[in-house]
Amino acid sequence: MRNVGTICRRELYSYFVSPIAWVLLALFAFLSGWFTWLSSSYFVQDTMASQMRGQAAPMSVNEMVIAPLFGNIAVIGLFLIPLISMRLFAEEKRQGTMELLVTSPVHDIEIVLGKWLAAVLMYAALLGVLLLDISWLFIYGSPDWKPVVSGFAGLLLQGGALLAFGAFISSLTKNQIVAGAVGFGLALLLWIINWATSLGDSTTIRIVSYLSIVSHMESFSRGVIDTKDLIYYLSMIFLGLFLTTRSLESLRWRA
Amino acid sequence: MIQVTGLSKKYANYVAVDNISFSVDKGDIVGFLGPNGAGKTTTMRILTCFMPPTAGKVMVGGFDVFEQPFEVKKHIGYLPETPPLYPEMNVVDYLTFVARLKGIPNADITDKVQQAMKKCSVLDVSTKLISKLSKGYRQRVGLAQAIVHNPDVLILDEPTSGLDPKQILETRDLIKGLAGDHTIILSTHILPEVEAICKKVIIINKGKLVKTDSVENLKNRAAFTIEMSTRGAADTVAVRQKLEQVASVSKVVDREASSGRLAFDVEGLAGSDVRPDVARAVVQAGWNLLEMKSSTTLEEVFIELTGAEQSSAPQPVAAAEQAGEQQ
């Protein structure tokens, strides 16, 4: 456990002393700010419109602002997460520091967990910016806090799953750009795979759409924690980390 | 401390290390010598549990590298060919990370890091970023990384490569200073380095073990060259036969000589000095003894053992490239 902490700490250190963390934070702050502003402006516009019409239709901040916001951030995550995970192992291999890690008295799984945890914390730091954005809504309105919590949980789970796969991809190459591009391709695929649902409702299509990563976010952002989605994310995380560990082991056979 | 028996490592279609065996005693400094691409790095990577052997048994500090790599890793400090440094970290933070990774209890970390920095004289750059350090300092930080947990065995892969002459001398002194507490294996293709630092040499070439011996023995090998003239009284073959008959002479090889002269490489049985006997035989035969010269530099011994054609042929380059591809 101590080793996981050691590796995680060093990884976070590297994120934050190199420009990558700050670039990602700035990018994310801009994007999430933009979407927050956009959806709250829509909301304000709709409220005005419904008042003009004289109907007092019930309008919910949760449903009209926060849920779509989580949906947008989930998609932005697909683009940003490969940027977080691409360096995890590729960089160590290129620098030769991999030799230090694997010749130290540390188990492979500890290396993998430490690095993945650091990447998840980095992603959580990005989501911290979103939390700031959303907290404005609590100042000017009174949304229900429970869907907010479940939405963040969903985003973290989705991030965790993508980061686990990103770590695996990064362990296959010593080129960060390749790791980033393949990671992005995979994230994109896991998203658009869902679009097949419009084709019908055969078993194949249902299986394919179950694999889609973003669709499992929807219930989370509406405040519903469905076991089906939870199991999906947890098993994706487990699979990703398992593959990474095996890849790390095979490294010494291939070396 | 280290026992290697029948070690082999095969890559897909290339044998990097072929059935080598050697042992290293506690406290020894051993030079691992060979031309580029000889299999030095591969052997060291197996010793440090970076990769498993294809065949053979490797024991470090009483533990098998294949069965109990975790125990072996605790006892080993390793400096790979390129020091494993994180350029974005500063020296103290980096060494603290390594210390923690090597399992040093939190309470001792500051102490151990300070000691390692002192031993490797990097205290003056302790708060600098590693990316800002010169090559020499990086090498020393790499060395500090290898000794921070005070390991029983130190494995250094070409510790002086790429340094300037002054840095090379400093690094050698540093390594010599570490002897005693640690058993050290260092690889190199620079011969004076072995003469300067090591007590024992393991020479490998093309993956095969060529010789293990002490540096002293290698330098004192009873080999020498002899040059003489016979004023036409005898031809090369006759002289060679005469020399071979001298007691304790094991090998006589023709050498090229300027016209009117004959030259031979003469080798005696180990531990014997055949020079007086050979000189007497030459004089008694009525020939003129012009020159006798021992080949005492390790350079000559090395070239003799690994085959002289090696140094000029393009083979080593190809082998090194192949090794590079494997990494």
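In this predicted model, H2(A) and H3(A) are roughly antiparallel to each other, since angles over 145 degrees count as such and the two helices pack at about 160 degrees. Helix H2 of chain A spans residues 19-52, helix H3 of chain A covers residues 61-85, and their axes sit 10 Å apart. The crossing has a right-handed sense.

As for who touches whom, the H2(A) side brings in Leu24(A), Phe28(A), Leu31(A), Phe35(A) and Phe43(A), among others, and the residues they meet on H3(A) include Val61(A), Met64(A), Leu69(A), Ile76(A) and Ile84(A). Sorted by type, the residues of this contact come out as 15 nonpolar and 5 polar, with no charged ones.

Turning to chain B, the chain splits into domain 1 (2-214) and domain 2 (222-294). The C-alpha centres of these two domains of chain B are 44 Å apart.

Chain B also holds an open sheet of 4 strands, ordered E12-E13-E11-E14 and paired antiparallel. Strands E12 (249-255) and E14 (288-294) of chain B take the edges with a single partner strand each, so one side of each has no neighbour in the sheet. From one strand to the next, the twist averages 25 degrees. E12(B) pairs with strand E13 (residues 262-268) of chain B over 6 bridges, in the antiparallel sense, and Val249(B) sits opposite Gly268(B) in E13(B).

Two helices go with these strands. Helix H9 (residues 236-245) of chain B lies across E12 and E13, running at about 160 degrees to E12(B). Helix H10 (residues 275-284) of chain B packs on the sheet too, touching E11, E12, E13 and E14 of chain B, and its direction makes about 165 degrees with that of E14(B).

How values were computed: Residues are numbered from 1 along each chain as its sequence is written. Chains are lettered from A and ligands numbered from 1 in the order in which they are written. This is a predicted model: local features need pLDDT of at least 70, side-chain atom pairs count only at pLDDT 80 or more; totals for chains, interfaces and linings use all residues. Axes are lines fitted to C-alpha atoms, for helices over the stretch in contact, and angles run from 0 to 180 degrees between N-to-C directions. Angles under 35 degrees count as roughly parallel, over 145 as roughly antiparallel, 65 to 115 as roughly perpendicular and the rest as oblique. A crossing is left-handed if the near helix is turned anticlockwise from the far one by less than a right angle, and right-handed if clockwise. Two residues are in contact if their C-beta atoms, placed from the backbone, lie within 7 Å. Ala, Val, Leu, Ile, Met, Phe, Trp, Tyr, Cys and Pro count as nonpolar, Asp, Glu, Lys and Arg as charged, and the others, Gly among them, as polar. Domain bounds come from an automatic or database domain assignment. Two strands pair if DSSP finds at least two bridges between them.
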